[in-house]
Every structure is written in structure tokens, then in C-alpha cells.
Amino acid sequence: MTYADFFEEIKGQFMEADVSSITEHLAYQFNITGEGEGIFYVEVKEGELHVEPYEYYDRDAMFICQAKTLKKIASGKLDPILAFTTGKLKVEGSIDKALRLKEIVEKIKAGK
């Protein structure tokens with residue numbers, strides 16, 4: 001799997017989330033390791049979701065994981081908190097803001 005293929009798939013999943021009820025600004029950078037390696041960001045700003053294939057310097061939190069781990073999280077097959085506690089997902093930055101990833105994942109599942 002190439003980074004471009006992975007990014008298009010994961011962006012499609014994230015864009016299914018209705019984040020209109022999230023009023024707080026959230027900015028996450030994802031560093032994908034291994035197959036499909038690359039960087040992208042997810043931002044919730046004024047109730048809108050943005051997913052772009054760039055580094056986000058003013059991020060609240062950075063997540064580091066393999067592509068397969070993030071695919072499982074985004075599909076609802078793996079709880080992000082469980083992924084963190086088992087070492088499959090590393091987090092740098094604001095833990096409080098990082099915990100809001102679970103809320104976005106729940107909104108992805110609700111959008112399907």
C-alpha cells in the first residue's frame with residue numbers, strides 16, 4: 001500500500017464524521033510508520049473537519065502508529081485508548097485534546 005492510497009482511504013473515513021457539534025478547535029498530526037508511511041493532519045475548526053496530507057506545526061497532539069492500526073481505529077474496530085495503552089498508538093502533546101480523537105471516531109461510526 002502506498003501512502004497516497006492509504007491517505008485517500010483514511011481521509012474518506014474521517015470525512016464521514018459529522019463534527020458540527022464539536023465547537024473546540026482540535027488539530028492532530030498523524031505520523032504513519034511502516035507500510036504507507038507518511039504524515040497528515042486532521043483539524044476540527046468551527047464545526048468543520050479538514051484532512052490534509054501535510055505536517056501541522058501548531059498541533060494539539062501528534063499520533064504515531066502503523067497504517068493498519070489507524071485503519072482499525074477509524075473503522076471502530078480498535079478503541080484509540082486501548083491502542084494507546086497497548087503501545088500500538090503513541091501520543092505526544094496534549095493528552096486532554098488527544099482523548100477527543102475517540103469522539104471523532106465515534107462520529108465516523110455514526111456517519112456510516
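Q: Why is Arg-100 called partly exposed?
A: Its relative accessibility is 21%; buried means under 20% relative accessible area, exposed over 50%, and partly exposed in between (1.4 Å probe, protein chains only). Arg-100 therefore counts as partly exposed. Keep in mind that this is a predicted model, where local features need pLDDT of at least 70, side-chain atom pairs count only at pLDDT 80 or more, and totals for chains, interfaces and linings use all residues. Residues are numbered from 1 along each chain as its sequence is written, and side-chain values use heavy atoms, with hydrogens and water left out.

Q: What does Arg-100 touch, not counting residues up to four places away in sequence?
A: A contact means heavy atoms within 4.5 Å, and on that basis Arg-100 touches Ile-22, Glu-24, Leu-26 and Tyr-28. Glu-24 is 76 residues away along the chain, with 9.9 Å separating its C-alpha atom from that of Arg-100.

Q: Where is Arg-100 placed?
A: Arg-100 sits in the loop between α4 and α5, and Leu-99 is found in that loop too, with α4 covering 95–98 and α5 covering 101–111. Helices (H or I, at least four residues) and strands (E, at least two) are DSSP runs, numbered from the N terminus.

Q: Why does Leu-99 count as partly exposed?
A: Leu-99 has 44% relative accessibility, so it counts as partly exposed.

Q: What makes the nonpolar surface patch that includes Leu-99?
A: Ile-81, Ile-95 and Leu-99 make the patch, of about 250 Å². Patch residues have over 30% relative accessible area and no salt bridge; like charges are joined within 9 Å, nonpolar side chains (Val, Leu, Ile, Met, Phe, Trp, Tyr) within 5 Å. A salt bridge is a side-chain nitrogen of Lys or Arg within 4 Å of a carboxyl oxygen of Asp or Glu. Areas come from the Shrake-Rupley method with a 1.4 Å probe; for residues, only the protein chains shown count as cover.

Q: How do you know on which side of α5 its buried residues lie?
A: The buried residues of α5 are Leu-101, Ile-104, Val-105, Lys-107 and Ile-108. They cover an arc of only 160 degrees around the axis, so they lie on the same side of α5. The arc is that of the directions from the helix axis to the C-beta atoms.

Q: How does the radius of gyration of the protein chain compare with that of a compact globule?
A: With 112 residues, a compact globule would have a radius near 13 Å, and the protein chain has 13 Å, so the two agree. The radius is taken over C-alpha atoms, and the globule rule is 2.2 Å times the number of residues to the power 0.38.
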